[in-house]
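Hello,

Here is the structure we talked about. Please open it and read the notes below alongside.

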Amino acid sequence: MEIKTFMQKKHNKESGLTLIELIVAVGIFGLVVVMSVSICVSALLSQRRMIALRNVEDNARFALESMAREIRTGKNFSKNNGLLSFTNAKGESIIYGLNNGVIEKSSDGGSSYFSVTGSEANVNYLDFYLMGQAPGDGLEPRITITIGITSQIGNQSVNLKVQTTISERFLQS
């Protein structure tokens, strides 16, 4: 009889996993899967935020550089209703302004406009501040531009505020 009892005990030790062992194994596996998925989602959100930041920086940089290039050699600056108008080095009447979240430029005096910023960025505000424009005031002519731009990729959005001052290349006579 002792032999049967010994065999039965040996047989019980060779059986499969207990319910508690199975629950613990599934729980640990589930925890690893949840952590892996959350890391992937976090990386995806970070990538979208970086793309949005790059879009907004590229748009702001391009808009400011294109405006600054013409402003440096321009003359006869005036600001009216948020629009900056002046005459560029080629003698063209240039107007820069904000329309429905896009910076626009006209090179024919205002009859037709084209976009300076891309569609992936929304310009919240565009302000021009003129200083030293009056002849004989003793101030160097300069223009300060402030821009607020937002870009959104998915549910990730980035805001950028930029201010720059541009001085005219030619001094007043």
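**Aromatic pairs and the core**

The structure contains two aromatic pairs. Keep in mind that this is a predicted model.

One of the pairs is Phe-86 with Tyr-96. Their rings are stacked. Phe-86 sits in strand β2 and Tyr-96 in strand β3.

Ring pairs join Phe-77, Phe-86 and Tyr-96 into a cluster.

Next, the largest nonpolar core. It has 25 residues. Those touching the most other members are Met-67, Ile-71, Ile-103, Phe-128, Ile-145 and Ile-147. At least two core residues come from each of α2 (19-72), β2 (83-87), β3 (93-99), β6 (121-131), β7 (142-153) and β8 (156-167). The top contributor is α2, with eight residues.

Ile-71 deserves a look of its own. Leaving out residues up to four places away in sequence, Ile-71 touches Phe-77, Leu-84, Phe-86, Ile-143, Ile-145, Ile-166 and Glu-168. Two of the ring-cluster residues, Phe-77 and Phe-86, are therefore among its contacts, taking contact as heavy atoms within 4.5 Å.

Finally, a charge over a ring. Lys-79 lies over the face of Tyr-129. The distance to the ring centre is 5.3 Å.

Best regards

How values were computed: Residues are numbered from 1 along each chain as its sequence is written. This is a predicted model: local features need pLDDT of at least 70, side-chain atom pairs count only at pLDDT 80 or more; totals for chains, interfaces and linings use all residues. Side-chain values use heavy atoms; hydrogens and water are left out. A nonpolar core is a set of buried Ala, Val, Leu, Ile, Met, Phe, Trp, Tyr and Cys residues joined through side-chain atoms within 4.5 Å. Buried means under 20% relative accessible area, exposed over 50%, partly exposed in between (1.4 Å probe, protein chains only). Helices (H or I, at least four residues) and strands (E, at least two) are DSSP runs, numbered from the N terminus. Rings of Phe, Tyr and Trp (its six-membered ring) pair if their centres lie within 6.5 Å; planes under 30 degrees apart count as stacked, over 60 as edge-to-face and the rest as tilted. A charge sits over a ring if NZ of Lys or CZ of Arg is within 6 Å of the ring centre and within 35 degrees of the ring normal.
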